[in-house]
Amino acid sequence: MSAPASPLSAAPGALFAELAEATSRLQPPYAVVHLPSLRANAQDLVRRAAGKPIRIASKSVRCRALLSRVTAGAGWSGVLAFTLPEALWLAEEFEDVVVGYPTVDTAAVARLAADEVLASRVTLMVDSPAHLDLIDEVLAGLGTNARRVRVCIEVDASLRLARGRVHIGARRSPVHTARAARDLAQAVVARPRLRLVGVMAYEGQIAGIGDDRPGPGRFAVRGLQRLSARELAERRAETVAAVASVAPLEFVNGGGTGSLETTALEPSVTEVAAGSGLLAPTLFDFYTRFTPRPAAFFALSVVRRPSRHHATLLGGGWIASGAAGPDRLPTPAWPRGLRLVSQEGAGEVQTPLRGPGVTGLRVGDRVWLRHSKAGELCEHVSELHLVEDGGIIDTVPTYRGHHRTFL
């Protein structure tokens, strides 16, 4: 099982020497964020957004301190959360939080609607009358104590071909056309307890799929992404106009790390979203439009040398979500010349490695790895060590370190 090419700096040895020096007193497993790389990625995302404000996708970070650091910089505005309980917690600090996915957590909806500050800061996502019914029922139960709830309509951004028989993109909202969006908007404004404030359309087939993976398939990906970007720009403009004819909109959100350039050019879009590009996990190594600097790593210990051709790490089975495959496995990043063993992959209690880099490894040495997806690294550690200038300048809790789980 070969490791993919890495967009690490021209002198990765210096980077990992800095990380090793900074964390020499720690015992693996632990995770670090290299702050200069994080800042460089944040600045590049702002450049690529071409003046459109970026709403940070919290699921790709899952560390409140990092969310605060990034959004304090120019070009960032608001948070795109992934659950309502998370959004309520973040709204203690952040004034503009949009929940990126519909909620059926009635207790959390009740808490939102009963609090004037939370109701002014948090926006719920809806894509069907069923969501409106659920929210309205909770509000009715609160009686006169219920605050008006802000909602955003999610529009399906997938590419549909052959009269819908071919679907390219995530299975998200059932609202695909301007007419369907207008009908749902009318259903929202017909309910006095709800306030329609936004539209969102996330084009995962462009933003989340690299167009430069090795092999001839990348040319098909590029062609489909160009086709999808053209189709979506036209349909999104029509949809936003249709919804705006029903109610004035505060924001129209679109894009993701992999599609900022194309989405930011659309006049109907007022803001874009990004998160994974800050930490640059391995799934974002293969894009023609940008090359982020890997900023997040985790370290594991070598505990066995079962043969001169192998070294075995303790643990390591930090597998990313999504369709199972080699691209969901962590990738050895340093020392160079290490790869997973296909028969075992990354295991719950051990991860054997092979390759020329094994030669210099001894029991007790550390190996640096990269996770396949950004925020999911934080599901395995309770804290992140922030490294700069050869030292740890801060150690901050992840959501798990705050004793918070939101999925």
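Student: Why does Cys 152 count as buried?

Tutor: In this predicted model, Cys 152 has a relative accessibility of 0%, and because buried means under 20% relative accessible area, the residue is placed in that class.

Student: What makes Cys 63 buried or exposed?

Tutor: The relative accessible area of Cys 63 is 0%, and since the word buried applies under 20%, Cys 63 is called buried.

Student: What makes Val 122 stand out in the largest nonpolar core?

Tutor: That core has 89 residues, and Val 122 is, with Leu 84 and Leu 384, one of those that touch the most other members. Setting aside neighbours within four places in sequence, Val 122 is in contact with residues including Leu 84, Ala 87, Leu 88 and Arg 150, and contact here means heavy atoms within 4.5 Å. Apart from this core lies another, of eleven residues, among them Phe 16, Val 32, Phe 297 and Ala 333. As a general matter, nonpolar side chains tend to be buried together in soluble globular proteins.

Student: Why is the space lined by Leu 279, Ala 280 and Pro 281, among others, called a cavity?

Tutor: The name is used because a 1.4 Å probe fits there but cannot get out. This is the largest cavity, with about 60 Å³ of space, and its lining also includes Arg 370, His 371 and Lys 373. By class, that lining has six nonpolar, one polar and two charged residues.

Student: Which residues lie nearest the centre of the largest pocket?

Tutor: They are Lys 59, Tyr 202, Gly 208, Phe 284 and Lys 373, out of 48 lining residues. The elements giving two or more residues to this lining are β3 (76-81), α9 (204-207), α10 (217-244) and β11 (271-274). The pocket has a volume of about 1,100 Å³, and its lining has 19 nonpolar, 18 polar and eleven charged residues.

Methods:
Residues are numbered from 1 along each chain as its sequence is written. This is a predicted model: local features need pLDDT of at least 70, side-chain atom pairs count only at pLDDT 80 or more; totals for chains, interfaces and linings use all residues. Side-chain values use heavy atoms; hydrogens and water are left out. On a 1 Å grid over the protein atoms alone, a cavity is a set of points where a 1.4 Å probe fits but cannot get out, and a pocket is an open set with protein on both sides within 12 Å along at least five of seven lines; lining residues have an atom within 4 Å of a point. Grid points are joined across faces, edges and corners, and a volume is the space filled by probe spheres set on the points. Helices (H or I, at least four residues) and strands (E, at least two) are DSSP runs, numbered from the N terminus. Ala, Val, Leu, Ile, Met, Phe, Trp, Tyr, Cys and Pro count as nonpolar, Asp, Glu, Lys and Arg as charged, and the others, Gly among them, as polar. Buried means under 20% relative accessible area, exposed over 50%, partly exposed in between (1.4 Å probe, protein chains only). A nonpolar core is a set of buried Ala, Val, Leu, Ile, Met, Phe, Trp, Tyr and Cys residues joined through side-chain atoms within 4.5 Å.
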